[in-house]
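Please read it alongside the sequence and the coordinates.

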Amino acid sequence: MFKKLMFAMLALLAASGFAFADVDVNKGDQAALDGIKGIGPAKSKAIIEERTKNGSFKDWSDFEKRVKGIGEKNSTKLSEAGLTVNGQAKAGAAAKPAASAEKASKPAKADKASASASASAPAASAPTPSASASAKASASAKETKK
């Protein structure tokens with residue numbers, strides 16, 4: 001049970017770390033670009049094809065001009081979702097939640113999980129009756145019912 005709990009906590013932390021990672025449009029592969037909310041397989045393929053054919057994107061306006069379907073509003077939403085051009089978020093896009101605040105809360109969650117896990121550990125390590133003892137008890141209960 002403890003191993004399952006620890007695995008679930010690690011998976012949750014890993015998933016939340018990936019969810020908040022910035023992806024640079026000039027460096028990201030198709031899977032990384034697909035991970036940005038608002039970019040699907042077709043759009044990521046179009047971005048990669050344009051980047052391969054005509055070189056890296058210089059800035060957000062270059063990105064908007066060269067990729068069909070990416071306009072001012074869409075690029076702002078993509079920037080808010082974590083897309084960057086040359087490591088820069090789009091000017092005017094709302095800032096993402098501070099990563100330092102999230103990182104500060106993660107150890108507290110991990111401490112709570114380990115505290116609850118250690119509190120339940122003595123119960124898990126308590127001796128349990130053996131299978132043969134359980135079988136004997138159920139057999140004797142059946143005999144007394146007859």
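The text below covers the chain as a whole, then its aromatic pairs, then one asparagine.

**Overall architecture**

The model is predicted. Seven helices and two strands make up the secondary structure of the protein chain. Their order along the sequence is α-β-α-α-α-α-β-α-α. The protein chain has 146 residues, and 23% of them count as buried. Its accessible surface comes to about 10100 Å², with 62% of that belonging to carbon and sulfur atoms. Among contacts between residues at least 6 apart in sequence, 51% join residues at least 24 apart.

**Aromatic pairs**

How many aromatic pairs does the structure hold? There are two aromatic pairs, and their geometry is set out in the table.

| Pair | Centre to centre | Angle between planes | Class |
|---|---|---|---|
| Phe57 and Phe63 | 5.1 Å | 90 degrees | edge-to-face |
| Trp60 and Phe63 | 5.7 Å | 85 degrees | edge-to-face |

Why is the pair of Trp60 and Phe63 classed as edge-to-face? Ring centres within 6.5 Å make a pair, and planes over 60 degrees apart count as edge-to-face. The ring centres of Trp60 and Phe63 are 5.7 Å apart and their planes stand at 85 degrees, so the pair is edge-to-face.

Phe57, Trp60 and Phe63 form one aromatic cluster. Two of its members, Trp60 and Phe63, lie in helix α4, which spans residues 60-66. Trp60 and Phe63 are separated by about one helical turn because they are three residues apart in that helix.

The cut-off for buried is under 20% relative accessible area. Phe63 has 0% relative accessibility and therefore counts as buried. Trp60, at 8% relative accessibility, also counts as buried.

Where is Asn26 placed? Asn26 sits in the loop between β1 (23-24) and α2 (30-34). With a relative accessible area of 13%, Asn26 is buried. Leaving aside neighbours within four places in sequence, Asn26 is in contact with Arg51, Ser56, Phe57, Val85 and Asn86.

Terms used: Residues numbered from 1 in each chain as written. Predicted model: local features only at pLDDT ≥ 70, side-chain atom pairs only at ≥ 80, totals over all residues. Heavy atoms only, no water. Phe/Tyr/Trp six-rings, centres within 6.5 Å; stacked < 30°, edge-to-face > 60°. Helix = DSSP H or I, 4+ residues; strand = E, 2+ residues; numbered from the N terminus. Buried < 20%, exposed > 50% of the residue type's maximum accessible area, 1.4 Å probe, protein only. Contact = heavy atoms within 4.5 Å. Areas by Shrake-Rupley, 256 points an atom, 1.4 Å probe, with all protein chains shown as cover.
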